[in-house]
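I'm opening my notebook on a new model today. My plan is to look things up one at a time and jot down what comes out.

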Amino acid sequence: MVRPPLTPEERLRGEQLGLVLRRARAERSIVEVAAAAGMSAETLRKIETGRIATPAFFTIAALADVLGISLDHLVTRSTPAAAP
């Protein structure tokens with residue numbers, strides 16, 4: 001099955017999400033955080049760079065838990081209008 005292309009808004013939201021996650025990860029390594037969240041480092045790298053702009057809910061929930069941030073924080077900070 002072919003996925004429809006992402007809209008510019010979806011792309012921007014994915015980039016903002018990646019930025020929030022990178023900031024929350026701070027000095028922790030991608031490998032450490034990804035392993036703790038139960039995913040590959042490459043998957044986390046793609047999310048952080050916006051190449052996976054619409055990750056699954058449970059993926060984001062696992063990252064939020066490992067990084068100690070709320071899902072509400074992720075939503076508000078990764079909405080383009082609320083971006084820093």
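**Entry 1: a residue in a loop.** I started with Arg51, which is exposed, with a relative accessible area of 54%. For the terms, buried means under 20% relative accessible area, exposed over 50%, and partly exposed in between, using a 1.4 Å probe and protein chains only. Arg51 sits in the loop between H3 and H4. The H labels are helices, which are DSSP runs (H or I, at least four residues), numbered from the N terminus.

I then looked up what Arg51 touches. Leaving aside neighbours within four places in sequence, I found Glu42 and Lys46 in contact with Arg51. Contact here means heavy atoms within 4.5 Å. I also checked Gly14, which is 37 residues from Arg51 along the chain, with 7.7 Å between their C-alpha atoms.

**Entry 2: ground rules.** I noted that this is a predicted model, where local features need pLDDT of at least 70 and side-chain atom pairs count only at pLDDT 80 or more, while totals for chains, interfaces and linings use all residues. Residues are numbered from 1 along each chain as its sequence is written, and side-chain values use heavy atoms, with hydrogens and water left out.

Entry 3: I went back to Thr7, in the segment before H1. Thr7 comes out as partly exposed, at a relative accessible area of 37%.

**Entry 4: the core.** Which residues touch the most other members of the largest nonpolar core? I got Leu21, Leu44, Leu63 and Leu74, out of 17 residues in that core. At least two core residues come from each of helix H1 (8-25), helix H2 (30-37), helix H3 (41-48) and helix H4 (57-67). H4 gives the largest share, five residues. A nonpolar core, by the way, is a set of buried Ala, Val, Leu, Ile, Met, Phe, Trp, Tyr and Cys residues joined through side-chain atoms within 4.5 Å.

I picked Leu44 to follow up. Not counting residues up to four places away in sequence, Leu44 touches Arg25, Ile30, Val33, Ala34, Met39 and Leu63.

**Entry 5: how helices pack.** I reminded myself that two packed helices are described by the angle between their axes and the distance between the axes. Axes are lines fitted to C-alpha atoms, for helices over the stretch in contact, and angles run from 0 to 180 degrees between N-to-C directions.

*H1 and H4.* I found that these axes come within 10 Å and cross at roughly 25°. H1 and H4 are therefore roughly parallel to each other; angles under 35 degrees count as roughly parallel, over 145 as roughly antiparallel, 65 to 115 as roughly perpendicular and the rest as oblique. Leu17, Leu21, Ala24 and Arg25 of H1 meet Ile60, Leu63 and Leu67 of H4. By class I have six nonpolar residues, no polar and one charged. Ala, Val, Leu, Ile, Met, Phe, Trp, Tyr, Cys and Pro count as nonpolar, Asp, Glu, Lys and Arg as charged, and the others, Gly among them, as polar.

*H2 and H3.* I read an angle of about 105° here, with the axes 8 Å apart. H2 and H3 are therefore roughly perpendicular to each other. Ile30, Val31, Val33 and Ala34 of H2 make the contact with Ala41, Leu44, Arg45 and Glu48 of H3. I listed six nonpolar, no polar and two charged residues.

*H2 and H4.* The axes cross at roughly 120° and come within 9 Å. Val33, Ala36 and Ala37 of H2 meet Ala62, Leu63, Val66 and Leu67 of H4. This contact has seven nonpolar residues, with no polar and no charged ones.

Entry 6: Is Asp65 buried or exposed? I found 66% relative accessibility, so Asp65 counts as exposed. Asp65 is in helix H4, and its C-alpha lies 9.4 Å from that of Ala36, 29 residues apart in sequence.

Next I looked up Ile69, in the loop between H4 and helix H5 (71-77). Not counting residues up to four places away in sequence, Ile69 touches Leu21, Ala24, Ala64 and Leu74.
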